[in-house]
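Have the sequence and the 3D view handy as you read.

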Amino acid sequence: MTEKILAPIAAWIIAVISATGYLGVALLMAIESACIPLPSEIIMPFAGYLVSTGRFGLIAVATAGAIGCNLGSIIAYEVGKRGGRPFVERYGRYALLNLHDLDKAERFFARFGSVTVLVCRLLPVVRSFIAFPAGVARMPLLRFHIYTFLGSWPWCFALAWVGMKLGAAWRTDPRLGHILHYADAAVIVALVAGGIWFVLHQLKKRRA
């Protein structure tokens with residue numbers, strides 16, 4: 001069932017990036033950073049795959065992704081600033097955001113302060129939600145955006161680099177080509193697997 005849900009999402013992500021280029025990468029990463037469950041584990045590796053084909057540049061892809069993270073984080077920041085914890089209690093389930101996620105992000109923020117935004121942007125799952133407690137704490141907006149970009153860029157770069165390396169291997173290694181036959185299908189399978197892990201992890205936490 002999960003695979004049936006994720007496969008169309010992955011296909012849509014691939015179609016958006018293919019059609020709109022860097023703008024699509026920024027837009028999709030903005031959606032992910034607005035606490036909407038659109039995994040960067042699918043978005044950035046496919047962008048990296050297109051780097052391996054020569055369509056994109058690796059640095060430019062990572063930068064577009066980080067800019068998107070900043071844009072989407074504005075929404076989560078403002079919701080945290082204006083709505084606070086009651087908003088999560090009422091509407092968080094629609095974005096796979098639960099109190100467990102919020103508690104974890106708030107503990108990070110309470111312990112380490114503003115630098116939490118930078119550090120958590122390098123971590124899976126919690127990176128998507130850290131803007132919310134930053135808004136609750138009314139972190140200075142300029143500092144928030146600087147830390148968000150500096151933390152998001154390495155994450156975007158790393159995922160795109162993996163996609164680039166895998167894409168290059170699929171096209172140049174005859175053994176992989178013989179086994180998989182269609183490189184595009186292999187890319188989609190790998191990217192969907194990452195997305196499935198993300199969603200299953202979130203659903204498991206919600207049931208706990």
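## Charged pairs and cysteines

Arg 82 counts as exposed, at 69% relative accessibility (exposed means over 50% relative accessible area, buried under 20%, and partly exposed in between, using a 1.4 Å probe and protein chains only). Keep in mind that this is a predicted model, where local features need pLDDT of at least 70, side-chain atom pairs count only at pLDDT 80 or more, and totals for chains, interfaces and linings use all residues. Residues are numbered from 1 along each chain as its sequence is written, and side-chain values use heavy atoms, with hydrogens and water left out.

So what does Arg 82 pair with in a salt bridge? Its partner is Glu 78, and their closest N and O atoms are 2.9 Å apart. A salt bridge here is a side-chain nitrogen of Lys or Arg within 4 Å of a carboxyl oxygen of Asp or Glu. The structure holds one of these. Side chains of opposite charge can pair when their charged atoms come close.

Both residues sit in helix H4 (residues 58-82), four residues apart, which is about one turn of the helix. Helices are DSSP runs of H or I with at least four residues, numbered from the N terminus.

Now for the cysteines. The structure holds zero disulfides, a disulfide being a pair of cysteine sulfur atoms within 2.5 Å. Cys 69 is in no disulfide, because the nearest cysteine sulfur, that of Cys 156, is 4.3 Å away, too far for a bond.

Here's how accessible these residues are:

| Residue | Relative accessibility | Class |
|---|---|---|
| Glu 78 | 22% | partly exposed |
| Arg 82 | 69% | exposed |
| Cys 69 | 0% | buried |
| Cys 156 | 0% | buried |

Definitions and conventions
Helix = DSSP H or I, 4+ residues; strand = E, 2+ residues; numbered from the N terminus.
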